[in-house]
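Take a look at the structure below.

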Amino acid sequence: MKKWQVAVVLCLAAIGSWFGLTAHAQAAEYTIATDTTFAPFEFQVKGGQYKGIDIDLLKAIAKKEHFTYQLKALSFNAAVQQLSANQVDGVIAGMNITPAREVTFDFSKPYYTSGVVMAVAKDSTVKNFNDLKGKTVALKTGTAGAAYGKSIQNKYGFKIKYFNDSNTMYNDVKVGNSSACFEDYPVMSYGIKNGIPLKIISKQHNAGDYGFAVKKGKNAALLKKFNAGLAAIKADGTYQKIINKYLHSKESKITGETASSRTFFGLFSQNLGTLGKGLWMTIELTVISIILATLLGLLLGVLGVMPGKIGPAISSTIIYIFRGMPLMVLAFFIYIGIPDLIGHGFKIPAFIAGMITLMLNEGAYTGAFVKGGFQAVDAGQMEAARSLGLPYWKAMRKVVMPQGIRIMIPSFINQFIITLKDTSILSVIGIVELTQTGTLIIARNFEGFKIWLMIAIIYLIIITLLTWLSNWVQRRIN
Amino acid sequence: MADTAIKVHVQDLHKSYGNTEVLKGLNLDVKNNEVVCMIGPSGSGKSTFLRCLTDLEVPSKGQIVINGYDLSDAKTNIDLVRENIGMVFQHFNLFPNMNVLQNITLAPIQLKKMTPAKAEKTARDLLDQVGLADKATALPTALSGGQQQRVAIARALAMHPKIMLFDEPTSALDPEMVGDVLDVMKQLARDGMTMIVVTHEMGFAKEVADRVVFMADGLIRESGAPKDIFEHPQNPRLQDFLNKVINV
């Protein structure tokens with residue numbers, strides 16, 4: 001076998017074994033989605049595990065009712081979208097039971113009652129809603145806080161800025177970009193107790209009930225089990241124990257972190273395992289995507305320079321669509337849009353969706369420069385090869401492609417680096433790669449500067465290594 | 001396929017690019033072992049004509065039969081036709097990603113299923129023939145224009161073509177390189193190769209050609225033995241052309 005054939009076989013084997021692993025991991029009866037950062041209801045603790053009221057309740061209920069589940073931590077928005085797209089069986093994420101949501105979801109009996117409060121920076125001059133006039137208020141999309149904020153926006157005349165996770169929203173208020181935020185009381189109060197430098201300055205508004213949700217008309221059995229289990233753990237005291245554990249203790253008790261571990265290196269060594277996992281996911285995504293995108297790009301490039309009109313037309317269209325679409329839109333489209341369209345419980349694992357997204361987007365870019373590289377080879381080369389009697393594909397493979405690929409090498413290196421960085425965008429569909437790992441760690445310890453610095457350094461190191469490797473390959477080829 | 005006396009038969013050949021007609025109805029027959037030189041002002045359609053013979057340009061109208069293959073017949077395998085034609089370009093078009101030997105052996109190995117050892121033996125003989133035995137492992141970029149063109153001729157000969165087409169083979173060369181290339185071509189002619197040469201080298205045409213064809217504005221205006229063409233030109237365009245060329 002030739003070298004490239006070996007490479008293709010290895011690549012397929014890697015993907016194949018990965019599929020095998022996924023299939024194995026999905027033996028649980030239900031997939032239940034939760035939010036990533038909504039302490040004390042759900043948050044990640046040291047070592048990548050999730051904890052919180054929702055998580056513990058679900059665990060206790062599952063134990064009582066003897067069902068198994070796989071937990072999937074996504075942003076709240078993604079979790080809700082996936083439930084309506086039938087990608088997951090249920091969502092437990094501190095979700096308010098509202099009439100609007102009851103149109104698409106069936107809710108369990110309420111398991112917690114809470115209200116919305118306004119929080120401002122510690123040194124803020126904002127005392128009440130009237131002080132918000134002309135100022136900006138931070139809201140988290142899809143939450144009760146957001147609904148409440150929107151409902152009083154006209155009355156008090158403030159501007160609204162939306163965020164996808166709580167921590168980024170708090171930070172925006174902390175650094176003064178926004179003057180206030182609206183958040184569920186237990187969440188806000190827990191966060192403040194654990195170091196968020198904000199203060200609550202309103203009473204609870206629009207008290208609402210939290211419920212566990214399934215898609216309307218689906219999973220009635222799961223809902224029934226949840227209700228029965230909830231009643232059971234309320235009766236035997238487990239419920240109150242869980243609530244007390246989270247609402248009346250500091251985070252350090254739960255996560256085992258100490259104040260002395262808040263230095264840069266302390267944080268680093270403490271989160272080494274989690275960061276390593278995230279980094280590995282980033283590398284895995286990058287390598288597989290680079291291989292697939294390169295194959296797609298070569299195919300598009302070859303199609304693009306084919307004689308006749310059909311090949312180039314197909315190539316330009318595919319490049320036009322996938323190069324023109326923002327990576328994030330494409331990721332959402334594949335992960336949430338396609339299963340929604342197909343229905344029948346069709347699911348795409350996030351990793352596969354992410355891989356396809358990167359393959360299409362980076363493949364389109366690769367296709368564009370591969371096509372350009374082939375076109376940059378003097379037309380006389382093809383003519384000379386054909387004149388010797390070589391058929392088109394043979395002439396392409398033996399004469400035009402080797403020369404074109406040499407022209408493309410710098411573009412390939414560039415594209416590999418871009419692919420590595422673009423994996424970070426896939427955090428939006430819940431893939432816990434390096435960037436999402438950072439978000440999760442910060443959601444727990446609020447050390448934004450140190451953790452993002454850590455993440456940035458890791459990216460730079462990897463990109464430096466990748467650049468060295470590419471340069472070495474380039475020297476070998478030339 | 002029998003070795004017919006007529007190697008090339010061209011009838012009423014037209015070629016247009018959009019509204020511009022470059023070839024306006026050419027007729028030409030080339031016999032076995034014949035050397036035909038095509039002369040004429042730039043833009044008269046000489047190169048286009050030559051490129052039509054190997055289907056690098058597709059005629060708008062007309063018939064071409066070369067080595068017994070009818071190019072206008074859809075069933076004709078163009079790759080097979082080209083295997084039997086040696087084409088030499090103005091700019092050599094050597095493959096820069098391969099050395100001299102690889103350039104020459106590529107087609108025999110790929111198409112004639114020749115073993116690399118045998119192909120290399122043939123290639124070295126050919127290099128010897130064109131006077132470049134010592135350049136076997138050189139890269140094309142390390143060679144002068146004249147050397148590159150001689151390699152290109154060797155590359156074309158490696159497929160044992162039944163006819164050689166030369167498209168202004170010396171036009172891109174420095175004057176002192178021209179002689180070596182023409183010498184190789186003269187030797188080929190003496191060995192009995194059928195050749196069509198588009199050229200501006202009047203001396204070569206006079207000395208080597210069995211027939212000289214003068215083209216102007218997409219048509220053959222005059223054709224005949226070198227002596228007749230150069231010493232007794234009939235067509236006023238040819239007289240004009242020769243005056244200009246000789247007075248340069």
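## Salt bridges across the interface

A salt bridge is a side-chain nitrogen of Lys or Arg within 4 Å of a carboxyl oxygen of Asp or Glu. By that rule, two salt bridges cross the interface of chain A and chain B. Keep in mind that this is a predicted model.

One pair that meets the rule is Arg51(B) and Glu383(A). Their side chains form a salt bridge at 2.4 Å, N to O.

## How the two chains touch

How many residues of chain A are in contact with chain B? The contact involves 17 residues of chain A and 23 residues of chain B. The area buried between chain A and chain B is about 1700 Å². Carbon and sulfur atoms give 58% of that area. In chain A, three residues lose the most area to chain B: Glu383(A), Ser387(A) and Leu388(A). Together they account for 35% of what that side buries.

Polar contacts also link the chains. Six residue pairs are in polar contact between chain A and chain B, counting pairs with both residues at pLDDT 80 or more. Two helices of chain A, H17 (379-387) and H18 (392-422), each supply at least two residues of the side that touches chain B. Helix H17(A) gives the largest share, seven residues. By residue type, the side of chain A that touches chain B has seven nonpolar, five polar and five charged residues.

## Chain B on its own

Chain B holds nine helices and ten strands. Its radius of gyration is 18 Å, close to the 18 Å that the globule rule gives for 248 residues, so chain B is as compact as a globular protein of that length. Along its principal axes, the C-alpha trace of chain B spans about 55 × 45 × 35 Å.

An unreviewed UniProt entry lists residues 8-242 of chain B as "domain: ABC transporter". Over residues 8-242, chain B is 38% helix and 26% strand. The end C-alpha atoms of this stretch are 27 Å apart.

## Salt bridges over all chains

Over all chains, the rule counts 19 salt bridges. One of them joins the side chains of Glu29(A) and Lys225(A), at 4.0 Å, N to O.

What does this pair tie together? Glu29(A) lies in the loop between helix H1 (3-25) and strand E1 (30-35) of chain A, and Lys225(A) lies in helix H9 (residues 220-235) of chain A, so the pair ties together parts that are 196 residues apart in sequence.

Definitions and conventions: Residues numbered from 1 in each chain as written. Chains lettered and ligands numbered in written order. Predicted model: local features only at pLDDT ≥ 70, side-chain atom pairs only at ≥ 80, totals over all residues. Heavy atoms only, no water. UniProt positions renumbered as here; feature names shortened; annotations may be inferred. Helix = DSSP H or I, 4+ residues; strand = E, 2+ residues; numbered from the N terminus. Contact = heavy atoms within 4.5 Å. Buried area = accessible area lost by both parts, 1.4 Å probe. Polar contact = N/O pair within 3.5 Å; in protein donor to acceptor, adjacent residues only side chain to side chain. Nonpolar A, V, L, I, M, F, W, Y, C, P; charged D, E, K, R; others polar. Rg over C-alpha atoms; globule rule 2.2 N^0.38 Å.
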